[in-house]
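Take a look at the model below.

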Amino acid sequence: MSAKVLDALKASHGSAIESLETQHGDEIAWIKRDQLLAVATWLKDNPAMAFDAPVFSTCIDRLDWKPVDVPPGPPVYPASAPWTDDGTKARFEVVWQLRSTLHRHRLRLKCAVPEHDARVPSLATLWPAFNWQERETFDMYGIKFDGHPDLRRIYLYEEFVGYPLRKDYPKEKRQPLVRRDDLPINPIKTETGGH
Amino acid sequence: MGVEITTTRLENAASWAKQSKLDRATNWGRKFSLFTYPFVTACCGMEFMSVAGPKYDIARFGAEFPRFSPRQSDLLMIVGTITEKQGPALKRVFDQMAEPKWVIAFGVCASTGGFYQNYHAMPGADQVIPVDVFIPGCPPRPEQVLDALIMLMDRIQSGRGHSQLRTKREQLIAEAATNE
């Protein structure tokens, strides 16, 4: 049903599309980063598209990611993956899932983001419900959303260093805010030399 | 302050065990009228409600009355996971309670962090405040909670709660200073 959406998208914004795919009945469109905002605006405003319901927004860290059944060795990225804008392999996929309550069709937008330049245009100005979701993505993955109205950490505290859902964050590393003074090992004291 | 809270180094064990009749009477009163502050952060709260409900009935031990202000309560029940972000809030709640005060860590998350071993969960509420009784279980059975409460009552009666020991220690240090 919503293959129509992909066809319409290809017809109107063919140059902005990296690739199109279908997964478990969901249509996915990889969009070039610099044209994402134009495509999203068109998806929202065009009466034939009318994507009025944002579903979720998140990010995937592809560090060391391998497809199933691949022999051990250096990480292999799928040949079909539409990386990326500057020749290096992109590490992150930022994902937005959209739905139209009017036409009852769905579309997932994806954007490949390299590690050294982790920024994408924000869609929170088009769909305000993405505001907190993009803040969470920033909080956990460190993706900078250009044009976001209020890009701050949402779950963690400002003192937190790093981004915990990145695959290279040490999975047991804690960053305590407060500890008892009489603890045998007080990590705050050992790190800062008292406070 | 420089006063160690640990109870292992006792200069004079006899003077610690000594309780006047007034102490005994006061502690007897204290142990049967615990006012609970429920610091409920997670799913263990459901089990805490069933302890407070009529079937298990924590009222039999005089601890049924939750005060939702730390200033009016003397038993802090930490029910559920404590995150690193909550640490300062927990410490502040504890600091606002009037002496003497007792703390129960309810469930493995509050006791040790439970199955969380990651960036956000604190490995036990005793990283921030002194805890008197730990209750294991995920969540604990209500019987375990009552058992812990009886254990705490024994401890209050004999003056072995953390805050009682701290007060006693400060008294002894002050006495020693005046004797010199």
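In what order do the four strands of the open sheet in chain B lie? The order is β1-β2-β3-β4, and the pairing is parallel. This is a predicted model: local features need pLDDT of at least 70, side-chain atom pairs count only at pLDDT 80 or more, and totals for chains, interfaces and linings use all residues. Residues are numbered from 1 along each chain as its sequence is written, while chains are lettered from A and ligands numbered from 1 in the order in which they are written.

Some terms come next. Helices (H or I, at least four residues) and strands (E, at least two) are DSSP runs, numbered from the N terminus. Two strands pair if DSSP finds at least two bridges between them.

Strand β3(B), residues 102-106, runs parallel to β4(B) and is joined to β4(B) by three bridges. One residue pair to look for is F106(B) with its bridge partner I135(B) in β4(B).

Next come the helices. Helix α6 of chain B (residues 142-157) packs on the sheet and touches β3 and β4 of chain B. Its direction makes about 170° with that of β4(B). Helix α3 of chain B (residues 44-52) lies across β1, β2 (75-79) and β3 of that chain. It runs at about 135° to β2(B). Such angles run from 0 to 180 degrees between N-to-C directions, with axes fitted to C-alpha atoms, for helices over the stretch in contact. Contact means that two C-beta atoms, placed from the backbone, lie within 7 Å.

Finally, chain A. It has four helices and seven strands.
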